[in-house]
Amino acid sequence: MPTRFRLIVCAALALCASAPLVAQSPTAQVSQYRELAAQIIRAAQADSSAYDRLGRMVDGFGHRLSGSEALEHAIDWVLAEMKRDGLANARTEPVKVPHWIRGRESAELIAPRRTPLVMLGLGGSVGTPRAGITAPVLVVSSFEELERRKEDARGKIVLFDAPFVDYGVSVAYRRAGAVEAARAGAVASLIRSVTPYSIRSPHTGALRYDSTVTRIPAAALSVEDAMMLRRMQNRGDRIVLHLAMQAHTLPDAMSRNVMAEIVGRERPEEVVVLGGHMDSWDVGQGAMDDAGGVVAAWEAVRLIQRLGLRPRRTIRVVGWTNEENGLRGAMAYRDARGADLNRHVLAIESDAGVFAPRGFGFGGAPEALAVVREVGKLLAPIGADSVEDGGGEADIGPLMERGVHGMGLLTTPTRYFWYHHTQGDTIDKLDPADLAKCVAALAVMAYVVADLEEALPRAIPVAR
Ligand SMILES: [Zn+2]
């Protein structure tokens, strides 16, 4: 560079340095955290406490359906442990939750041969009469096929044998199958379990009724059993099935959201919230859905605290209650914030299984996406540096609807839906090293966003 020109550049730089603070580029804002992020990642990977804690939670309390004692005992334990961790403002907030009881249930094939079938009632289903329902079966592969054959459905048990496409598409049969079957005059509704892989393991999950049609009992069969009934129908066999379910709903029960904080050193009223949901279905251990998410977020906050880091803004970890069959915890959290909702800088949830993290899916303003993408790059050493445009999770949905930026932790998706809502959702499927990486990813993202000199840009208007 010619000397004279160099002098001009130097003078301009000196002017800039003494000028009032102008908006820094996302890259410049974030680059100063590179060494700190590496330190957080190393600390998370050297620490086995997340997996130990997850084990104590799921082995100690088991699955945790809303309304169950196990859920409330697990919440008590998390609260006590958060206090022991020395986190600030550890507390619970009350939430009224639905209280559905599965009771005893069974499905038996009566014709063309007698054999028990492997099933799980769908969450929220009504039961059968005490003696059960014995009825012929009509197998359909789609809502369209049911529409074409609705004259055949009256008085029958309809089985939706819809092959798995992806969760978002295929879950429609679990949610709406009972309503569509009832509309066609069916006496009960069955689905092929919503999963890409099966070792004859049925998958439960929530259904939705519609007040305009009769509530009929609904259950999931294992993929293998559903496919067998389809083959029987294709061969022209007359299929008869006996379904007995004691499922019923009790009056709402009391539960709680549980939370704790690291209070921000400069702007404590501004909050980065992260968490998962405490409740689960009443099968397996709810280890990946979603005890793992709660523990990963909680351990991320504990790790930040243990490293002696105190960000500019407050970091709050929340274990939401009742995600699976009501989302009441998420709504109660939002409602309890009131006008402070617009001081939520970012909401992060882990609810996709704590497998190896890939990054985050971000829902919010493009200007903010540019910043969190830079933060994401700090996670390249553990392969979690992808920040996709679009994302979120159920419990942060009510916040995102009010204009809060939201992020879901993205993990390697291969196996999650193998175990989702089954007896197989247990901790042994999870790898301690993957969980430690999830902790690292959440800790780096939450800490850096909470500490940035300039808050994440907000482009979405906030409703008060
Ligand atoms: Zn979940």
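Colleague: Which residues in α10 meet which residues in α15?

Modeller: This is a predicted model, where local features need pLDDT of at least 70, side-chain atom pairs count only at pLDDT 80 or more, and totals for chains, interfaces and linings use all residues. Residues are numbered from 1 along each chain as its sequence is written, and side-chain values use heavy atoms, with hydrogens and water left out. Contact means heavy atoms within 4.5 Å. On the α10 side are G292, A296, A297, E299, A300, L303 and I304, and they meet L435, C438, V439, L442, A443 and Y447 of α15.

Colleague: Is α10 oblique or roughly antiparallel to α15?

Modeller: Helix α10 (residues 287-306) and helix α15 (residues 432-451) pack at about 55°, with axes 8 Å apart. Angles under 35 degrees count as roughly parallel, over 145 as roughly antiparallel, 65 to 115 as roughly perpendicular and the rest as oblique. Therefore α10 is, relative to α15, oblique.

Colleague: How does α3 lie relative to α15?

Modeller: Helix α3 (residues 34-45) packs against α15 at an angle of about 150°, and the axes are 8 Å apart. That angle makes α3, relative to α15, roughly antiparallel.

Colleague: Is V372 buried or exposed?

Modeller: V372 lies in helix α12 (residues 366-377). Leaving out residues up to four places away in sequence, V372 touches F362, V387, M407, M445, V449 and L456. Buried means under 20% relative accessible area, exposed over 50%, and partly exposed in between (1.4 Å probe, protein chains only). The relative accessible area of V372 is 0%, so V372 is buried.

Terms used. Helices (H or I, at least four residues) and strands (E, at least two) are DSSP runs, numbered from the N terminus. Axes are lines fitted to C-alpha atoms, for helices over the stretch in contact, and angles run from 0 to 180 degrees between N-to-C directions.
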